[in-house]
Every structure is written in structure tokens, then in C-alpha cells.
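Please examine the sequence and the structure shown below before reading on.

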Amino acid sequence: MARKSRQKEKILYIAKLLLEKTDENHKITVNDIIEYLNNAGIPSERKSIYSDLETLENFGLDICREKTSVTGYYIGSREFQMPELKLLVDAIQSSKFITTKKSMELIGKLEKLCSENDAKYLQRQVVVTNRVKTANEKIYYNVDKLHTAISREKKITFKYYKWVLDFGSTETIKKIPRRNGALYTVSPWALSWDDENYYLIAFDDNSNTLRHYRVDKMENIELTDETRYGKETFENFDIASYAKAVFSMYAGDETTIKLSVDNDLIGVIADRFGKDVFVSKESNATFCISVKVALSPQFFGWLFALGDKVKLLSPPDAVGKYRDYLESVSKLYQ
């Protein structure tokens with residue numbers, strides 16, 4: 001009876017061996033499979049191995065054969081190819097909102113989606129140590145809670161934290177709760193990944209406005225029994241347009257501005273606002289665009305970084321605010 005039970009596992013062991021040990025550069029023979037099964041306590045015959053390989057192929061496993069003096073077997077295409085896995089590893093290790101510990105755990109799981117030999121190349125690619133990462137180990141589960149609240153259309157409560165200086169403490173830079181630890185209550189609607197951070201976009205009941213919160217600064221998140229508010233606000237909400245208008249997720253008065261831009265900065269404009277932004281010729285060297293942005297110090301900082309190649313033309317109120325911003329900075333160096 002035990003022998004029959006182990007025989008039922010045989011085809012699973014063959015699939016495991018192929019997936020873990022083989023790729024285009026690393027092949028196994030039928031003799032290798034028989035030896036592997038024997039070591040696992042599953043005696044097998046050559047004829048049954050061929051039958052099992054055929055069954056696995058019919059099931060959808062891409063088993064390739066290469067004939068030399070003997071026939072070698074290996075897995076060809078997989079659910080994820082190496083370039084795709086490398087892309088995912090890059091995204092994980094560059095994400096500030098994923099802790100170092102969780103980054104290594106996720107990358108370890110990705111390694112199991114390729115052969116052990118290919119996994120070595122993913123390991124060589126990993127450079128997580130000393131990157132700027134959140135220290136909030138709960139963020140991974142906070143994101144899941146927020147997705148649940150959004151899908152159930154429920155309000156949430158949470159504590160929101162900020163960084164402060166405390167030179168009298170052993171911990172000079174420390175995190176303390178805002179509002180003296182009082183709970184925030186908001187209606188969650190969307191999550192956005194911007195500037196390497198995760199943000200919750202929510203409707204604030206008290207101010208009747210949109211607010212966003214850094215997820216790694218949120219703690220003690222709890223779902224309530226109350227149905228969320230803000231449906232009218234979000235009926236025509238376009239998160240892509242919102243992300244274009246808000247710089248580094250800093251809110252401000254949303255205003256349609258007009259810019260004069262040097263032609264050689266068209267790539268910068270396309271990267272920020274998209275290729276579909278309306279562009280009109282101003283001169284042989286410059287073009288004009290009209291875009292909606294949230295006026296904030298972060299937007300002015302972005303504008304300033306482009307130097308004399310961009311000029312804010314209108315509206316006058318926005319031009320005045322930018323002039324005040326420039327003057328306040330210049331005073332530091334007088």
C-alpha cells in the first residue's frame with residue numbers, strides 16, 4: 001500500500017525536479033530522473049518515466065528535449081521569464097515603502113519561479129542593503145487592510161505619524177503621532193504608488209476634500225462599520241490625471257497654468273504630463289503648454305530645477321506665488 005502511495009507522488013517529484021534544476025543550459029536525463037526518484041524512496045522504471053513526461057507535457061509543462069549522445073530534458077518557457085523576474089526584483093528593491101526584510105522575502109519567493117541556476121543571477125542583481133527603506137514592517141499588511149476597506153466601501157480609522165528632531169534623546173530622529181495621537185477617520189478610495197512611496201487617496205469628511213496619506217506613516221488601521229463618503233467626488237475621479245497634477249503627492253490649489261518651454265525639454269514634459277498634452281508652437285526655439293497642476297512648493301521646486309528653459313506665463317496669481325517662492329529662497333543667500 002505504501003509503495004502504491006509513493007508511486008502516485010512520482011509524477012509530482014518529476015515536475016519538481018524539472019522546474020527546480022533545469023533550464024536551457026542545464027538538462028537532465030532519464031537516468032538522472034530515476035536516480036532522483038530512488039533517492040526519494042520512489043523506485044521507477046524507464047518506460048514509466050517516458051509516460052510521466054508525456055503526461056506533464058499534456059498538462060501544459062513546456063518540456064524540451066535535446067539529443068546528443070543521450071537525450072536531455074529541460075523546462076523551456078515558464079510563467080515568468082528571466083527579464084520579467086529581474087524587472088520585478090528591481091521594482092521591489094527600489095521601493096521605499098517595502099522594508100528590507102520584506103524585500104528579501106519577496107525576492108526569495110521570486111527566485112522559486114525560475115530554476116535554481118537562474119536564481120543565482122537574480123541573487124547577484126539584489127542590492128537592497130543600505131538603500132533608503134521604510135522601517136515599518138506592518139506596511140505590507142496595512143496595504144492589504146486598505147484594499148479590503150476600499151473593496152468593502154468602509155471608512156477607516158488610523159494614527160498618522162511624522163518625523164521630528166529630539167536632540168535630548170538617544171534617538172535624534174524619531175517618529176511621533178500627529179494630532180497628539182488622536183485617530184484619523186477617512187473614507188478610502190484608491191491607492192497610488194508615486195515617487196517610490198505608497199499613498200492612500202481618501203475623502204476627508206470634516207473638510208469635504210481629497211487628502212492623501214503616506215501608507216508607511218499610517219499605523220493601527222481599523223475598518224469601521226460606517227459606509228464611506230465621497231462618492232460624488234470620486235465618480236469622475238481619474239487617478240492618472242490626479243498623479244500628473246500633484247507633485248510628490250503634495251496638495252495645493254489646483255490651477256490650469258501656461259508654460260513657455262524650450263523645445264529640447266519636450267521629453268521632460270512628456271515624462272511628467274504624458275504624450276497627449278496639447279502643445280502649441282511659440283517660436284522656433286520654444287513651445288507652449290497648458291496643464292492643470294496643484295500649486296505647491298514641490299511643483300515650484302520642479303519648475304526651478306528646469307532653470308531658464310521654462311517660464312511660467314499665467315495665471316498672474318500663480319506667477320506671483322512662484323515669484324514669492326523664488327524670493328524667499330534667494331533671501332537665504334543674501
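This is a predicted model: local features need pLDDT of at least 70, side-chain atom pairs count only at pLDDT 80 or more; totals for chains, interfaces and linings use all residues.

Residues are numbered from 1 along each chain as its sequence is written, and side-chain values use heavy atoms, with hydrogens and water left out.

Helix 3 comprises the 14 residues 46-59; helices (H or I, at least four residues) and strands (E, at least two) are DSSP runs, numbered from the N terminus. The expected span of a helix is 1.5 Å times one less than its number of residues.

Which residues of helix 3 are buried? They are I49, D52, L53 and L56, where buried means under 20% relative accessible area, exposed over 50%, and partly exposed in between (1.4 Å probe, protein chains only). Viewed down the axis of helix 3, the buried residues fall within an arc of 100°, and therefore they line one face of the helix; the arc is that of the directions from the helix axis to the C-beta atoms. The face of helix 3 turned away from this buried side carries the exposed residues K47 and N58. Just after helix 3, G60 adopts a positive phi of about 125°.

Attention now turns to charged side chains. Side chains of opposite charge can pair when their charged atoms come close. A salt bridge is a side-chain nitrogen of Lys or Arg within 4 Å of a carboxyl oxygen of Asp or Glu, and a search of the whole structure finds 15 of them. One of these joins E57 to R65, with the closest N and O atoms 2.8 Å apart. E57 is partly exposed at 30% relative accessible area, and R65 is partly exposed at 41%.

A further salt bridge links E105 with K102, the closest N and O atoms being 2.8 Å apart. The two residues are three apart in helix 5 (residues 100-111), so about one helical turn separates E105 and K102. E105 is partly exposed at 34%, whereas K102 is buried at 10%.

K155 forms a salt bridge with E226, the closest N and O atoms being 3.3 Å apart. Because K155 lies in strand 3 (residues 154-165) and E226 in strand 8 (residues 218-227), the pair ties together parts that are 71 residues apart in sequence. K155 is buried at 4% relative accessibility, while E226 is partly exposed at 42%. A network of salt bridges links K155, D205 and E226.
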